[in-house]
Amino acid sequence: MSYVLELLRTFYHLDSVIDEENYRYPKTHPFATSLGGSDNIIMFQTERYGARPLIVQGSGAGAAVTAMGVLSDLLKLA
């Protein structure tokens with residue numbers, strides 16, 4: 001099986017991080033097939049959404065907004 005992307009998965013329970021791991025998603029996974037450009041995607045896999053996880057997708061900030069945020073943070077540190 002060939003993989004298209006590798007992401008850091010973080011598992012939460014309420015406000016605390018339970019575990020983090022690197023995970024490779026196959027080319028057929030929604031994370032790999034539906035993202036483009038600076039899109040963001042998050043998957044909720046719970047007892048209720050176990051067999052068919054709830055996936056929320058939308059536009060991300062993009063390069064210009066991200067760069068401005070990083071520059072702003074650096075200026076605050078100076």
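How exposed is Ile 42, buried, partly exposed or exposed? At 43% relative accessibility, Ile 42 counts as partly exposed, where buried means under 20% relative accessible area, exposed means over 50%, and partly exposed lies in between, with a 1.4 Å probe and protein chains only. The legends below describe a predicted model, in which local features need pLDDT of at least 70 and side-chain atom pairs count only at pLDDT 80 or more, whereas totals for chains, interfaces and linings use all residues. Residues are numbered from 1 along each chain as its sequence is written, and side-chain values use heavy atoms, with hydrogens and water left out.

**View 1. The chain as a whole, with its two helices and four strands.** Read from the N terminus, the elements follow the order β-β-α-β-β-α; helices (H or I, at least four residues) and strands (E, at least two) are DSSP runs, numbered from the N terminus. Of the 78 residues in the chain, 9% are buried. The chain exposes about 6,500 Å², of which carbon and sulfur atoms supply 56%, with accessible areas taken from the Shrake-Rupley method with a 1.4 Å probe and, for residues, only the protein chains shown counting as cover. The mean pLDDT, the predictor's confidence in each residue on a scale from 0 to 100, is 76 for the chain, and 74% of the residues reach 70 or more. Confidence is lowest in strand E1 (residues 3-13), at a mean of 62, and highest in H2, at 88.

**View 2. A nonpolar patch on the surface, formed by Ile 42, Phe 44, Tyr 49, Leu 54 and Val 56.** Together these residues have about 400 Å² of accessible area. Strand E3 (40-44) and strand E4 (54-58) are the elements that give two or more residues to the patch, and Ile 42 is found in E3. Patches are made of residues with over 30% relative accessible area and no salt bridge, like charges being joined within 9 Å and nonpolar side chains (Val, Leu, Ile, Met, Phe, Trp, Tyr) within 5 Å; a salt bridge is a side-chain nitrogen of Lys or Arg within 4 Å of a carboxyl oxygen of Asp or Glu.

**View 3. Gln 45, in the loop between E3 and E4.** Gln 45 counts as exposed, at 51% relative accessibility. When its neighbours within four places in sequence are left aside, Gln 45 is in contact (heavy atoms within 4.5 Å) with Gly 50 and Pro 53. Between the C-alpha atoms of Gln 45 and Ile 55, which are 10 residues apart along the chain, the separation is 8.8 Å.

**View 4. Thr 33 in helix H1 (residues 30-33).** The relative accessible area of Thr 33 is 53%, so this residue is exposed. Apart from neighbours within four places in sequence, Thr 33 is in contact with Lys 27 and Thr 28.

**View 5. Helix H2 (residues 63-77), with Ala 63.** The 15 residues of H2 reach 21 Å from the first C-alpha to the last, close to the 21 Å expected at 1.5 Å a residue, the expected span being 1.5 Å times one less than the number of residues. The number of buried residues in H2 is zero, so the helix lies largely in the open. Ala 63 is exposed, with a relative accessible area of 67%, and its C-alpha atom is separated by 9.7 Å from that of Gly 37, 26 residues apart along the chain.
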